[in-house]
Amino acid sequence: MATPALPLIIDDEAEEPISDQALFFPHSETSPEVYPLGFFLDRIICGDTLEVMRSMPGESIDLIVTSPPYNLRNSTGNGMKDGRGGKWANASLIEGYASHSDCMDHDEYAQWQRECLTEMLRLIKSDGAIFYNHKWRVQAGRLQDRQDIVGGFPIRQIIIWKRKGGINFNRGYFLPTYEVVYLIAKPGFRLAPKASRHGDIWEFTQEMNNPHPAPFPLDLIDRIVSSTIARIVLDPFAGSGTTAVAARTLGRHFIGIDISPEYCEMAVNRLNDLEGNSLMSPQNAGKLVGIYTGTRKGEGKASVESAELIVDHGLRGDSHAGRDPNRQVSLFAAETLRELQREGFQVSAEQLSANLLTENIELDSLKSGTRLRIGGSIIEIVEARKPCRAITRIDNRLPKRLYGQCGLMARIVKGGAVRAGDCVTVLVDERQKNLFEYNRAV
Ligand SMILES: C[S@@+](CC[C@H](N)C(=O)[O-])C[C@H]1O[C@@H](n2cnc3c(N)ncnc32)[C@H](O)[C@@H]1O
């Protein structure tokens, strides 16, 4: 598959191979603080999935695709339980995962998975969905259909993933040849145009050439991601990073979480090997796509190629500069503008009356206090931008997903010239550096 060009650019001060991107998320006994989504975006995070997910902002993810550990070693049969072998002698999961035994008490396992699903549901937007892959199995002569995990969640559909062949020959029942993918969705979720025609029985051969003991077939995840219009895709049990690879290949943002440093390394290596990934910055690189200034408050602004940001003031010559210390410069996301235009609203960047139009930064997820580097300058987010007149006029007709996306106000911390095309980077402050330790030696 060819890799489409992404609007990502190299941050030349921080150019490092993507393999340095597995962020180690230290275990914490206290309840975790929530960090802006930008810190997780396009990264593989090595840590406990519940702890990491609890540190992510709610309603920030479009799509979750995941396959948890199946707890296969908690088995009434002997082979998987004690590794004596029999028909499972060559099964790759006979020893569990590198950092997870896959042998929890059944009730404890079901409870853990319910907590994970609850967290996933918190993370997806009102039009988001979770594709949760699991396997039904027979234990002590009774079908374990995983209702104790998924019961009560908003299951919209069960997709059958028909695998080629199986190894679980047992005279008590016919050879199992499928796994299930639960589509758990919030009310606003819709498939991409024409995706519905795939039907609900999918046939994909299991992955053969992946050293991870239980990888997804890439084609299965490609089918799921390309069947949605999701921009941000999370896999909370990322393993070898198949979901991240599929998302990246399809031009979407990804976040992968896995507890095993070994598998995280596999995932970043796979991402590294993708054609064109040298364009990927290790930071959350975005781009400044437009600069706008105007001398009269409340009116539209004119596009300029470059301008000067002045410390504790704003953009030189702009009507907002030097008035309110918290509102020196305003930012707006190009993605939101494009969505507005796609919805049919006649609005241009100039009419929005914002100063800086950014691309590839989850602007509205940034907390106040977050700093952004733009070219050589640094600005600090202060507060959300109140709807400008152009937006207020169309507010009532706005699709729900765009509510509250009117951009941000910031103050200038370090001045300098900014140009259209400059790199925009979310900076990690000292407090956050402690959390996101770049420690590959764990
Ligand atoms: C079925 S595998 C996922 C494989 C993945 N879909 C792929 O394509 O490679 C489940 C993964 O969950 C991870 N895991 C187990 N417990 C975890 C935890 N508490 N937090 C994060 N990851 C965990 C395991 O390390 C394993 O890689």
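Of the 21 residues around the ligand, those that come nearest are T49, F237, G239, S240 and T242, a residue being counted as near when its C-beta atom, placed from the backbone, lies within 6 Å of the molecule. The model is predicted: local features need pLDDT of at least 70 and side-chain atom pairs count only at pLDDT 80 or more, whereas totals for chains, interfaces and linings use all residues. Residues are numbered from 1 along each chain as its sequence is written. By class, the shell around the ligand comprises ten nonpolar, nine polar and two charged residues (Ala, Val, Leu, Ile, Met, Phe, Trp, Tyr, Cys and Pro count as nonpolar, Asp, Glu, Lys and Arg as charged, and the others, Gly among them, as polar).

The protein chain contains eleven helices and 22 strands, taken as DSSP runs numbered from the N terminus (helices, H or I, at least four residues; strands, E, at least two). Buried residues account for 39% of its 442 residues; a residue is buried if 20 or more other C-beta atoms lie within 10 Å of its own, exposed if 12 or fewer, and partly exposed in between. Among contacts between residues at least 6 apart in sequence, 71% join residues at least 24 apart, two residues being in contact if their C-beta atoms lie within 7 Å.

Nine strands form an open sheet of mixed pairing, in the order 1-2-11-10-3-4-8-7-9, where pairing requires that DSSP find at least two bridges between two strands. Strand 1 (23–24) and strand 9 (201–203) are the edge strands, each pairing on one side only. Strand 1 pairs with strand 2 in the parallel sense over two bridges, and F24 stands opposite C46 in strand 2.

Helix 7 (residues 261–273) has 13 residues and reaches 18 Å from its first C-alpha to its last, close to the 18 Å expected at 1.5 Å a residue, a span calculated as 1.5 Å times one less than the number of residues. Its buried residues are Y263, C264, M266, A267, V268, R270 and L271. Their cover includes strand 2 (43–46), helix 6 (242–249) and strand 11 (253–258).
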